[in-house]
Amino acid sequence: ALSVPPSPPARPAMAAAEQEQFYALLGNLLSPDNAVRKQAEETYETIPGPSKITYLLQAIRNNATPEEARQMAAVLLRRLLSSAFEEVYPALSPEDQTSVKSELLLFIQIEVQSTMRKKICDIVAELARNLLGTSFNLILWNFPGIFGNQQQHYLEVIKRMLVQCMQDQEHPSIKTLSARAAAAFVLANELNAPLLKHFADLLPGILQALNDSCYQNDDSVLKSLVEIADSVPKYLRPHLEATLQLTLKLCADTSLSNMQRQLALEVIVALSETAAAMLRKHTNIIAQAIPQMLAMMVDLEEDEDWANADELADDDFDSNAVAGESALDRMACGLGGKLVLPMIKEHIMQMLQNPDWKYRHAGLMALSAIGEGCHQQMEGILNEIVNFVLLFLQDPHPRVRYAACNAIGQMATDFAPGFQKKFHEKVIGALLQTMEDQGSQRVQAHAAAALINFTEDCPKSLLIPYLDNLVKHLHSIMVIKLQELIQKGTKLVLEQVVTSIASVADTVEEKFVPYYDLFMPSLKHIVENAVQKELRLLRGKTIECISLIGLAVGKEKFMQDASDVMQLLLKTQTDFSDLEDDDPQISYMISAWARMCKILGKEFQQYLPVVMGPLMKTASIKPEVALLDTQDMENMSDDDGWEFVSIGDQQSFGIKTAGLEEKATACQMLVCYAKELKEGFVEYTEQVVKLMVPLLKFYFHDDILLKNYTSMPLLLECARVRGPEYLTQMWHFMCDALIKAIGTEPESDVLSEIMHSFAKCIEVMGDGCLNSEHFEELGGILKEKLEEHFKNQELRQVKRQDEDYDEQVEESLQDEDDSDVYILTKVSDILHSIFSSYKEKVLPWFERLLPLIVNLICPHRPWPDRQWGLCIFDDIVEHCSPGSFKYAEYFLQPMLESVCDNSPEVRQAAAYGVGVMAQFGGEGYRPFCPEALPLLVRVIQSADAKAKENVNATENCISAIGKIMKFKPDCINVEEVLPHWLSWLPLHEDKEEAIHTFNYLCDLLESNNPIVLGPNNSNLPRILGIIADGEIHEAIKHEDPCTKRLANVVRQVQTSGGLWTECISQLNADQQAAIQELLNAA
């Protein structure tokens, strides 16, 4: 950074008379009298250049000089340096040159008069421009932070210098470079709002330079503008209309290169993602940008070989068609369908009626692209859209038929499962017919791909009626395509048909059993014989198909082939031990092994020695990474499989993504083995943990991170069989990494998974698993998370006051809020696991979090805060009593008041709290049980108590009253309450509370409670009805001891002859069947 210049040495004294004459001359130059002024100008011109600099600097320095004269001196000095730099400046001695620069920089710092300060900045900028020219811009562009902590002093100089350079008409390269330097400076100061405001008037110069440079085949300024739109969109606000108009003009100009046009469009698209609300105000621009994207999508080439090509060419991502489609997709998601759909609908309709196939193709691809962003708005007109698109499956041009398949497949995914429910009849038949399109293999294959999308998300019951027809078509196409493979070597359609078969089987599950023998021999034949390199993908997909069919039909049916299939897989594993890293079979194999594990269960353990080697190798893939500058990146962008993230300062971080998907799949399979085989996997837990823990910092791929976190508690479960010492060692290896990850993970969906996993690990390990350092670090992190939660809520309130706030902004704020609340639920999970493991002794540690948890349950907070705050106090009462009572002053009153809260979620948390108070709370809570009773009854007796959204809260109230009667019977009138309580049974939504109520009911029946049984056992038919309804709703799992108790109650009634007959006669057929099922189960 530049240092503050020292004060200049005292200059030799000048003849005072000469300087006085010069002041007089300055006064005359300002004279309103033309003759006087003209005479002064002529005199000024005769003074030698170096002397002018000396006199002018002295005039500027001397505060006694009249202000007008000082300003005049500053103007003259700037003009002198601008027009005659080469004549005057080099004539100064090196010492004088240094002195001039030092003095000017000092003036900037000590000048108090703002107009004068600006004029001095102009002089410095002019001097710097002449001295550095291109160099200054290069330096500022490459090192925008070069001024360090002196930046504030020199802001005006930097700004003036950039303005002047951007106005340099003679040197286009200086103009371009200064625009890039200005952009780099803005990007380097993106968080400094006052500075951005101060530099706003540089934008017109940047835009002018951008326009000029594009027509000189230089897109560097355009790339800088894309970065600004991406990172500092608010900087563009004062000149947004001009920015948008310019980028729109460039995008439409076909004389520019495709890349330049796409970059111009990228500015608008980036703004739709980073400043959607700001852009939504410029509907005129959006309305003009949409036809531009559609026009790009029409930019397709004729290709005679396309229809029957057997190899799928990768999308040409530099093509206008792909860029236009991607832009449309992103803009629809960014701006929302409410704005985009009305603007685009007519254009698409016109395109679909165009005689030129390219327009029809583009129209259908556009429909596919906007489905996600315009989801809500398209749902209302889906019927009309689907009917229209289906017509194009009959289009004369194969690429239009292909695009129609694409639209159907995309809608099947975007609008699932509603799409399947509404259009199953039309779509299945149309796609099967299109799969027999002999005119084009590509269309056949894409129809099969659309069918896969359709069946993947199709409810089983909807697909079953079509099963015969589907199977018949798929089988006949498979047979034909197998023949074609043998005769011509074509495989494209067969690859997709095999996956369609797998998808159907996966959806209909055991209903596929009758068709199993039709397909399995052919599928095994493909795996045995398709060994050539070009058939690797077909073989991989067939392995996937076999394993999915096996999983669908179940172990019993599959066992006839299980041994053959395992031998085929083992042979593949050993024959192909030198498979290339990018061999598509690897990931299919890895997934197939895991499915075989699910099918075979413990019998799979024998194959682990063969399976684990390649699996660990794949899970250990280390990605290639590189730090590159922009130029290197452009040279590499053609290289396959690299992805780049800009990290500013013209640098990008690159990662080669080849192998990452396989790595993610492998990690997922390790999780699957740990889950399915449990202690059978113990031999491998150590090597898997050693692989997984370092991967907790693997930020390149969220899926890999998520699978690793999921694996931790499962691996601990597996290791348990080796004894506590081994288990503790393994936990110590994981624990620090997990806690650190909770503190540092920026992505909320990954963070929530880490927190969930950590909580599960604590539940597995129990008391003593965390040492004092762990508690200290964890306490700090949880405190930080809670403080962040409150801070984020405040920031969202600020955003609601923003001038660009609109209903779409509110939607995204709601999404942020949901994401924050989800993290809050995970804080609750971690606290739950700690309270349930450590009990009362952890309360002193908890006290640093207490004020924040109390803040959550304040009446003014949003209901999710109050819900989760109460849940945390519920856990404290349940697991840390009687010590919990010392915090009663903070939560008891809010909890009782919340029993009748407007939010059912808050009511449920409060009612559960009352129940655990009665059950676990100890004597301190006794007086509050009678206070809670009428509140609980009020909720149960409200008119909509059993409505879907209220039923869980209501059932918790019923259960809480049961717990008060059972655990604190002396503080309420049980005889009075009991008949009411019986009339509210059974519970069936909240399974945990249902068990509590049924156990208490058994207590009462086993003790022959007269109120429950009624006079002459008259309540027994009602009680059997309650038990039967509980069984119908699966309120109690058969393995729960309570089932046996209920069955014994029923058997006792059975022995009573006439009473049993009377009871059964009052039950309906379903209830009678349920009673029988209960007796059979127990």
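Modeller: E810 counts as buried because its relative accessibility is 17%, under the 20% limit for that class. In this predicted model, E810 forms a salt bridge with R800, and their closest N and O atoms are 2.8 Å apart. R800 lies in the loop between α40 (772-799) and α41 (807-838), whereas E810 is in helix α41, so the pair ties together parts that are ten residues apart in sequence. R800 itself counts as partly exposed, at 21% relative accessibility.

Helix α41 also holds both members of another pair, D829 and K826, which are three residues apart, about one turn of the helix. Their salt bridge has its closest N and O atoms 3.3 Å apart. K826 counts as buried at 8% relative accessibility, while D829 is partly exposed at 24%.

The structure holds 46 salt bridges. One of them joins K555 to E603, with 2.7 Å between the closest N and O atoms. This pair links distant parts of the chain, 48 residues apart: K555 belongs to helix α31 (residues 555-575), and E603 to the loop between α32 and α33 (608-619). Both ends are partly exposed, K555 with a relative accessible area of 33% and E603 with one of 38%.

Side chains of opposite charge can pair when their charged atoms come close. D874, in helix α44 (residues 863-879), has no such partner: this residue is buried yet has no salt bridge, and the nearest side chain of opposite charge, K963, is 9.4 Å away. Beyond residues up to four places away in sequence, D874 touches M895, A909, Y912, G913 and V916.

A patch of positive charge is formed by K598, K602, K675 and K678. Of these, K598 is in helix α32 (residues 585-600) and is partly exposed, with a relative accessible area of 44%. A patch of negative charge brings together D299, E301, E302, D303, E304, D305 and D356. D356 lies in the loop between α19 (337-352) and α20 (357-370), and at 32% relative accessibility D356 counts as partly exposed.

H239, in the loop between α13 and α14 (240-252), counts as partly exposed at 25% relative accessibility. Leaving aside neighbours within four places in sequence, H239 is in contact with A200, D201, L203 and P204. H239 and P204 are 35 residues apart in sequence, with their C-alpha atoms 7.5 Å apart in space. N217, in the loop between α12 (203-214) and α13 (220-231), is exposed, with a relative accessible area of 66%.

For the chain as a whole, the secondary structure comes to 55 helices and three strands, and the C-alpha trace spans about 135 × 85 × 60 Å along its principal axes. Of the 1082 residues, 55% count as buried. The chain carries 93 positive and 154 negative side chains, and the centres of the two sets lie 2 Å apart. The accessible surface comes to about 47,800 Å², with 51% belonging to carbon and sulfur atoms.

Key:
Residues numbered from 1 in each chain as written. Predicted model: local features only at pLDDT ≥ 70, side-chain atom pairs only at ≥ 80, totals over all residues. Heavy atoms only, no water. Helix = DSSP H or I, 4+ residues; strand = E, 2+ residues; numbered from the N terminus. Buried < 20%, exposed > 50% of the residue type's maximum accessible area, 1.4 Å probe, protein only. Areas by Shrake-Rupley, 256 points an atom, 1.4 Å probe, with all protein chains shown as cover. Lys, Arg positive; Asp, Glu negative; His and termini not counted. Charge placed at Lys NZ, Arg CZ, Asp CG, Glu CD. Patch = residues over 30% accessible without salt bridge, like charges linked within 9 Å, V, L, I, M, F, W, Y side chains within 5 Å. Salt bridge = Lys/Arg side-chain N within 4 Å of Asp/Glu carboxyl O. Contact = heavy atoms within 4.5 Å.
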